[in-house]
Structures are given as structure tokens and as C-alpha cells.
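Here are my notes for you on this one. Keep the model open while you read, and find each spot as it comes up.

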Amino acid sequence: MSVVAEAPPTVPVTSACEHCGLALENTEERYCCRGCQAAARLICEAGLERYYLEREAFAPRPGAVDYTRWDDDTARRCADGSLEARLAIDDLRCSSCVWVTERVLEQTPGVTAATVSYATGRATIRWDPDQTDLADVASRVSSLGYRPRPLAEDATPDRGLLSRAGVATFLAANVMLLSVALYAGWFDGMARQYEALFQWTSLVLATPAALWCAEPFFRGAWRGLRGGVLHMDLPISIAIGVLYGHALVVTPGGGEAYLDSLTMLIALLLFGRVLESRGRRRAAEAAMALASHLPPTARRVSDGVDEGVATEDLIPGDRVRLGAGEEVPADGVVDEGNGWIQSALLTGESAPEAVGAGDSVAAGTWVSDGGLIMRVVRAGEDTMLHRMTEELRAAGDRGLRHDAADGLAPWFTGGTLVAAATTFAAWSLLGDGGEALRATVAVLVVACPCALALSRPLAAAAGLGAAARRGALFRSGDALLDLADVDLAALDKTGTLTAGALTVTDAPDEALRVAAALERYSIHPVARAIVEEAHARDIPLAPATNIREIPGVGVDGDVDECRWSLRASGPGQVSLRSDDRGWTLTLGDRPRDDAIAATRRLVETGVPVALLSGDREEPTAALASDLGVADYAGRMDPTRKAGWVRDNQSEGRTVLFVGDGLNDGPALAAADVGIAMGTGAPSSLLTADGILVSGRLSALHASILVARLAKRAVRMARARSVVYNLTAVAAAALGFVNPLVAAVLMPLSSGMVMWTASGIERRMRRT
């Protein structure tokens, strides 16, 4: 016997898709389509069900996009054989979207690492090409409802938010016109039927504004409540709901409904959110737009004739002509000519630098005077400017550690609700119901905890850009902000405070002439130093015959018909002897040109300097004396350097360590902030929190100033936010601020944060 099911009710009952929130007529259905069902299954199978409780907005519906055209050729191959790609991900609507996307990617077979940044909307993904490919990874992201795209493609704007803002503005303008007519009727008189017509028309127009345009605020508030969090959209949602509910009650009786305030409030809040989102992205991107400093074309010299070519077509070995005012398109060496190079973009130094044949020039700098022909050494992605850009973008993509202020937003929202309830109760006791409504709504709208959440990310992004322009790259915003607290700097000797290459420090010209003649064909470091010093002094090399190099001992040979012998005679010394003459040549590692100035500036900044070296005590003490550093130690192996750092940390010091060699790795890792020289060993670059890509120690002092300005910007932004909110909420509660003014004031709090962050670069230019 079969059972016939009863017919469904004639009046449809709606529910919503659990993944994207789309309305459904059948209450027994959980998802609107197979795409949302598959996305939900993927999230649950990964053990990430918490996403649905903590998200602040519905996920977008998964789209049917074909990613099979994507191939791994666009990815960068890493040293371990894995591939790495950076993608932009559109439609990330809250921090929970970032969390679930990152976790799903990490659990994808073959993916070895994945990071997603909400601030920049970019993801960095590394995978094993033997297990998966870029097309599969992109499809995995797309199945969640988010759109991955290459960074070169234009971002898809949030059309939904823009559409709501546009419709809200249209509705508000029409309601405002009707309200003007009603206000005019108060003075000149208006027939009751026309007054009722205008009031009901205003209510009809305000309804889609309150129910559809304001939906993002209601959705954010509801998701927060479901996850047990007081979201910042909750006070706004209550304000809109109170105004609209009041209008529904008073319009039939002909009372004042404040619909002009309601619709204009929604329009202003929506446009404030659009502008805030754009400003936040632009603040982060502007700090990282270094690659745009490369010229699109260059003048390549071929057989004595100049030809215009695209910068991207340059290869090592090409010769490029540069005139005054032209930007350098690649890293290279000057072959011909003399001129002045302005390199403020890379080093932060405002004064131009004279260059001539044999001097290095970097992409992104420009010729302020003179004319040059340079030979390209590194082009395209191998240039210093490109590496700086990529490192800076990677730093921007990393999130920041949570601090105490990040958890204040829910408490702030709760305080706002209490203040609003108190305001309503106080005005109601005074017998002014209309003012109670206006003041309560103003309190709910004017409060803005945004600055608490925006201050650190925006200040960190601006600080990263300012430090990069001065030749220092940091792997994260946290590393830069930590630098502000440093109160002790430990600097390695060789390769950090010194050039890291053996040079002749004392030798007569005649001795150098003979020694260079003997050593001209040797590849020994001592030989190279002697020959290079002879070249630097423009000493012509004498002919030498009967050369005999004795490994580990020295060199013998005939110069000027006399037999000479070159031998090591002590630490940093070699003796040059013949039958009747002899000299002693001194060699050593010279301090960098800016070492003395850099250490002095650190001390003046309030950061004492210590010199640590694996070299012998004598040269370490000599360099410390030259630099004016009282705290130094020689014969420090890697373990002792790291131990020295930890000992000072145990005494409450915040330690910065700067090094360049393989032996500096443990100390760089142990320090609160570790910075490596850009010319150092690859292992030190991987371990460090920051890199001095310019090779100039002046960038170290500049980075500390930038870090302090960034941290100060965070404190100022938060302090201003507190002052603004206390003042604005108090004024609104007392009736001095109406809802419209409150809607205008609310975005100003976020605007102050952006202005404070952008001031970091302005202040650095004045130092």
C-alpha cells in the first residue's frame, strides 16, 4: 500500500542556504546548489566547521570557472624542487574567510605551505609538482566560493556593496526631496491627504533601503551573535532597525518618522565602508609599489648604434646608454663615461653619488647629471629592485600577531550598547521621546572601533615601505615593530662592519709594484688584495719572470733583474725581500665607509653597540677602537654568539643582532630581531628577520627610526580613537549630534588612522 504525501502549503516558507545565504523556499533544503553543498562538505571534511560559527559574512557562491588553462610555468621553482606561486584572491569577506581558505589549502595533498593575507587579498602557495599542479590548487580555492587570479589581472570590484550604496543614495535623495516638501508644509500649510501621501511614499522608498541596502550590517551583526562575538555592525544594525520600526509605528498616525535620516544614514555608512576598503588597500599597495620605478624602455647600444628596446628584453651583457634624467633599467656596471646617480629609492640617501667606469649602478636609480654607458649584469627578476619588491610584498602578505588591543572591539561594542540604552532611558525619563530616539540612534552610529583594528596593519604596511626605500627589507610587519623596542645592538665584525674582503692597509708604492708583479697570476686572497691595491693606486705592473708559487708558503720570482721572495711574516703581514732590500706589507679588512657614522648614530638613538667577532682579539679590539665601541669580544664561535644574545635577553634587554656569515645564523635566530647584510651567506638571509639589501649600515639606523615612528603611529591612532569615541558618544548622548552628523563622523575615525600611517614617510623625509 502506497502512501501519498500531503501537498506543500500554498504559502511558501523561506529559509537560507547555509553556505552563501541565498533565500530558499523549501525549508528542508540546506543548500541552494551543488557548488555550495560541495564547498560545505570540503570545509567539514577538513575539520573546519568552526568557520560557520565565527564568520562575519556569508561566503560567495562557488562559480563554474575553468582553471585547466593554468599551468605551472608561471610559478617560481624553489631550491628544493617545489613550485611557488602568488595569487590574488577576490571575495574574501572577513578574517574567517582567510582562515578557512588557508587551512583548506594546507590540507590539500601536495601543498607544502600556504599563507593568505586579508590586508592585501593575496596568497602565497608552495606545492610539490609531482603530487599536484596550479590548476588543481586554484580549483580548490574556487570550490570554496573565492576567485583566485594571477596578480597581473585586475581585481573584480565588490559590485554588491557598490550596488547597495548606489541604490541607497538614489532612495535617500528622493526621500530627502519629499521631506523638504513636508518641512515646507509646516510653515505654509499642507493638506492632510498630501502630507499622508508624501509620508507613505517616503516609507515605501525607505523600505528597500532598510531591508536590502542595509543587509551587510544585519548579516555581520547576526553572524557575530551566532559566533558569540559582539560585532561592530551590531550597534549600526540596532540603530537602523530602531529608526525603521519607529517609522512603521508613527507613519499611519502622521507622526514624524525621520525617514530622511534613516535613508541618508544607510547611504553614508555604505559609502564610508566602500571608501575605507579602498583606502586600506591603497595604503598597503602604495607602500609596496617599487617596481613601477623601472622605465618601460631602454636605449641599447649595438655596434655603436642606439636602439630602443623594452626593459624586459634586456639581458646580461647588453650595453645601455643613459643620459641626465633617465632611470637605470637594470643592475649593471659603468663601462664608459662619468656622471652622478641619485639612488634615494634604494638607499634613502638624498645626495647624488659620483660614478665612473667600473662602478656599479642599480635598477630604479636615475642619472641626475652626466652621461654613461652601462653593461647589464642583472636584468628583470634578478635585479635588486625586483627582489626588494617581492620581499616587501611577501612581508605585506603576512598577518600580524594579535595584541591586547585586538580583543577590545567586542568590549567596545558592548559598551556602546550600554551607552545607547542609558541614553534612551535618560531622555525617556525627561519626557522627550523624540529626542530619546534621535540621541540613541546617534550614539549607536557615531561609535567606531575600526581604528583599534586598523592601526597596526596600516602602520606596519607604511613602515615596511619606508624602510624598503632606505635599503632595508623586513619579512613581516611584526619584525619591524619589534625593532622599535630594541635597546642593545650586537654587530658582527667581518662582512658587517668591515667590507669582508682582504685589502692592503699599509705598503710603499715601490713595494706594491714588485709584490703585484709577483702575484699578478695568483688567485690567493693575499695576491688579489695586492694586485687590486696596485690598480687602485694606478701603479703599472712590472714584468716578472721565473715565477714559482709555493703552496702555503709564498711566491718567488725575478723583477727588475733581481730575485724576490714574498712570505707571510705575522698576522696580517707579508714580507718582501731581495738580497739587498726588503719591505713589510700590512693587510687587513677595512671598515665600511659608513661604519663609524652608523655606530655613532645608533648610540645617539639610544641603542648601545657591542662588537662580536670570530676573529682574533687584536683586530677586533683595533676595529672597536676605531669605531668608538667599548663593548667587544673576539674569538666568538657561533654558539658563544648565540649565548651572548641569550644572556643579555635574560637580563631584560631587547637585542638586535646584525651579521652576514654562516656562523651568524644561531645568533640571528636567537636575537629579538636579526638583520642580515644583503651580501651575506644565503643561510643568514634565510634566518634573519630583515635584510640590508643596500649593503649600507645607514639603513640600520633609518630602520630603527621608521620602526619607532610606526609604533608611535599605532599608539597615536589608538589614543585618538579613544578620545574621539568618548567625545563623540558623550556629545551624541547629550543630544548635540544627530544621526546624520553621526554617520559623517564615523568614517573620520578610520580616516585619522590612515592619515597617521601615511605620515611615517613624511616624517622620515624630514629627518
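1. Start with the contacts (heavy atoms within 4.5 Å). Among contacts in the protein with a separation of 6 or more, 66% join residues 24 or more positions apart. Bear in mind that this is a predicted model, where local features need pLDDT of at least 70, side-chain atom pairs count only at pLDDT 80 or more, and totals for chains, interfaces and linings use all residues. Residues are numbered from 1 along each chain as its sequence is written, and side-chain values use heavy atoms, with hydrogens and water left out.

2. Now the inventory. The protein has 25 helices and 27 strands; both are DSSP runs numbered from the N terminus, with helices being H or I of at least four residues and strands E of at least two. Of its 767 residues, 48% are buried. Here buried means under 20% relative accessible area, exposed means over 50%, and partly exposed is in between, using a 1.4 Å probe and protein chains only.

3. Next, the cores. A nonpolar core is a set of buried Ala, Val, Leu, Ile, Met, Phe, Trp, Tyr and Cys residues joined through side-chain atoms within 4.5 Å. The largest one has 51 residues, and the members touching the most others are F474, L483, L497, L656, I675, L692 and I760. Helix α24 (residues 698-733) supplies the largest share of this core, eleven residues. A second, separate core has 44 residues, including I236, I240, I266 and A731. As background, nonpolar side chains tend to be buried together in soluble globular proteins.

4. Which residues does I675 contact, leaving aside its neighbours within four places in sequence? The list is F474, L483, L656, F657, V658, G659, L668, A688, G690, I691, L692 and L700. Click through a few of them in the model.

5. On to helix pairs. Two packed helices are described by the angle between their axes and the distance between the axes. The axes are lines fitted to C-alpha atoms, for helices over the stretch in contact, and angles run from 0 to 180 degrees between N-to-C directions. Helix α6 (residues 192-213) packs against helix α8 (residues 233-250) at about 155°, with axes 11 Å apart. So α6 is roughly antiparallel to α8; angles over 145 degrees count as roughly antiparallel, under 35 as roughly parallel, 65 to 115 as roughly perpendicular, and the rest as oblique. On the α6 side, L203, T207, A210 and L211 make the contact, and on the α8 side I240, Y244, A247 and L248 do. That contact has seven nonpolar residues, one polar and no charged. For these classes, Ala, Val, Leu, Ile, Met, Phe, Trp, Tyr, Cys and Pro count as nonpolar, Asp, Glu, Lys and Arg as charged, and the others, Gly among them, as polar.

6. Compare that with α24 and its partner. Helix α19 (residues 595-604) and α24 have axes that come within 8 Å and cross at roughly 20°, which makes α19 roughly parallel to α24. A598, R601 and L602 of α19 meet S698, L700, H701 and I704 of α24. By class, this contact has four nonpolar, two polar and one charged residues.

7. Look at two loop residues with a positive phi. Most residues other than glycine have a negative phi. D560, in the loop between β19 (554-559) and β20 (562-570), is not a glycine, yet its phi is about 55°. R635 also has a positive phi, near 55°, and sits in the loop between β24 (631-633) and α21 (638-650). Is D560 buried or partly exposed? Its relative accessibility is 45%, so D560 counts as partly exposed.

8. Finally, two prolines. P543 is in the loop between α18 (525-536) and β18 (544-550), and P543 is exposed, at 62% relative accessible area. D560 is 17 residues from P543 in sequence, and their C-alpha atoms are 7.8 Å apart. Leaving aside neighbours within four places in sequence, P543 contacts R520, D558 and V559. P316, in the loop between β9 (305-310) and β10 (319-322), is exposed too, at 54%. P316 and V376 are 60 residues apart along the chain, but their C-alpha atoms are separated by 4.8 Å.
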